[in-house]
Amino acid sequence: MLSEVDRTYMRRALEIAERGLYTTTPNPRVGCVLVRDGQIVGEGWHARAGEAHAEVIALRDAGERAVGATAYVTLEPCAHHGRTPPCSEALARARVARVVAAVADPNPLVAGKGFDVLRAAGIETESGLLEREAGELNVGFLSRMTRGRPWLRMKIAASLDGRTALANGRSQWITGPEARRDGHHWRARSCAVLTGIGTVVEDDPQLTVREVETSRQPVRVVVDSRLDISPRARVLGHGTLIAAARDEASRSGALRDRGAEVIVLPNASGKVDLAALIAELGRRGINELHIEAGHKLNASLLQADLVDELLVYLAPRILGDTARGMFHLPELTDLTQSRALELRDVCTIGGDLRVMARVKAL
């Protein structure tokens, strides 16, 4: 039976797992703590794809002290041969006595097989301890494994009356430096940042992480149905992905010369098929997708039921009705037509208000 002592060690495993917050993509963020006779004898966390997993690092740290220990792992130990050997087999060889996992791994290559390997070796297994917290840490990975697409988090900076830019498009800066720095944290933990051609034309953003330290930059994605983007746009570079509805050799060639990749995903209306784009990003190993777009693309993603979470920074200022809103949506005739949200967190960041909300399913 799981105890409060077990919870204490699992909290520690989650704490060290967060050290890979910016770096593990496309892998999950995993921490492992080995405990024997009431003492931590080994710890490890996964840093990057291709490098040792958390369990292996913890076992190295513990050495012979791993024999008879309890392993607290934030995700079910893997059971397949990828870039690294299976962690479930490593734990079995080390002769740990018990493995407690926070979350079962929904990856079809694992999906209970890790527990099977451990139980076959006579190791006691338990799961579900601090499952919610572990799920939040890997919300994107779990989304990709269960839904085939990344977790889509939409960031919006707005005035208190919900306006994101003046009528002429100017928006720099509505919120303060602390809010912008916090926004870069969410960029950094994401696998990719997505915007639309309207934002590129008006703001010429870089969409890179600059306000927080990170060793990895997220992939930059631009939705540009007609390939209107300038080859001199700052968002372009090695690995930038341009999603278009049609291909024009001269334009796409100039973009490829800048290091960008063009993919053509048209829908019946001659625009980019957003659902197909999100699915393609999932196939490419994108776990968390960070959106920083204008009110039109925001609305299109919301109407397509692709938005999972809103990250909204509200500044204590009023811009008025002529300024642009968060979403360019058609008129509603009844409140039952509105999209329902679940508030998850409200706090102040510098002089601004930050609201985290989940979009409820239709």
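This report describes the overall dimensions, nonpolar cores and selected residues of a predicted protein model.

Residues are numbered from 1 along each chain as its sequence is written, and side-chain values use heavy atoms, with hydrogens and water left out. Since the model is predicted, local features need pLDDT of at least 70 and side-chain atom pairs count only at pLDDT 80 or more, while totals for chains, interfaces and linings use all residues.

## Overall dimensions and composition

The protein chain contains eleven helices and 16 strands. These elements are DSSP runs numbered from the N terminus, with helices (H or I) of at least four residues and strands (E) of at least two. For 362 residues, a compact globule would have a radius of gyration near 21 Å, and the 23 Å of the protein chain agrees with this. The radius is taken over C-alpha atoms, and the globule rule is 2.2 Å times the number of residues to the power 0.38. Along the principal axes, the C-alpha atoms fill a box of roughly 65 × 45 × 40 Å.

Of the 362 residues, 53% count as buried. Here buried means under 20% relative accessible area, exposed means over 50%, and partly exposed lies in between (1.4 Å probe, protein chains only). The accessible surface of the protein chain comes to about 16800 Å², and carbon and sulfur atoms hold 50% of that area. Accessible areas come from the Shrake-Rupley method with a 1.4 Å probe; for residues, only the protein chains shown count as cover.

Among contacts with a separation of 6 or more, 68% involve residues 24 or more positions apart. A contact means heavy atoms within 4.5 Å. As for charge, the mean positions of the 48 positive and 46 negative charges are 4 Å apart. Lys and Arg count as positive and Asp and Glu as negative, whereas His and the chain ends are not counted. Each charge is placed at NZ of Lys, CZ of Arg, CG of Asp or CD of Glu.

## Nonpolar cores

A nonpolar core is a set of buried Ala, Val, Leu, Ile, Met, Phe, Trp, Tyr and Cys residues joined through side-chain atoms within 4.5 Å. The largest such core has 45 residues, and those with the most contacts inside it are Met 10, Leu 34, Leu 59, Val 96 and Val 99. Helix H1 (residues 4-17) gives the most to this core, with six residues. A second, separate core of 33 residues includes Leu 297, Leu 301, Val 312 and Met 326.

Not counting residues up to four places away in sequence, Met 10 touches Tyr 72, Val 73, Thr 74, Val 100, Ala 101, Ala 102, Leu 129 and Leu 130.

Leu 91 is found in helix H3 and is buried, with a relative accessible area of 0%. With neighbours within four places in sequence left aside, Leu 91 is in contact with Glu 55, Leu 59, Ala 71, Pro 77, Val 96, Val 99, Leu 118 and Ile 123.

Leu 302 is found in helix H11 (residues 295-303) and is also buried, at 10% relative accessible area. Under the same exclusion of neighbours within four places, Leu 302 is in contact with Val 307, Phe 327, Leu 329, Arg 339 and Val 359.

Arg 119, which lies in helix H4 (residues 113-120), is partly exposed, with a relative accessible area of 44%.

The table lists a C-alpha separation for each of these residues.

| Pair | Separation along the chain | C-alpha distance |
|---|---|---|
| Leu 91 and Leu 118 | 27 residues | 7.6 Å |
| Leu 302 and Phe 327 | 25 residues | 8.4 Å |
| Arg 119 and Ala 92 | 27 residues | 9.1 Å |

## Loop residues and backbone geometry

The loop between H1 and strand S1 (31-36) holds Thr 24, which is buried at a relative accessible area of 1%. Thr 24 touches Arg 29, His 46, Ala 47, Arg 48 and Ala 49, not counting residues up to four places away in sequence. Pro 26 has its place in the loop between H1 and S1 as well, and a cis peptide bond with omega of about 5° joins Thr 25 and Pro 26.

Arg 95 is not a glycine, yet has a positive phi of about 60°. Arg 95 lies in the loop between helix H3 (87-93) and strand S4 (98-101) and is exposed, with a relative accessible area of 53%. Leu 207, likewise not a glycine, has a positive phi of about 60°. The place of Leu 207 is in the loop between helix H8 (197-203) and strand S9 (219-223), where Leu 207 counts as buried at 3% relative accessibility.
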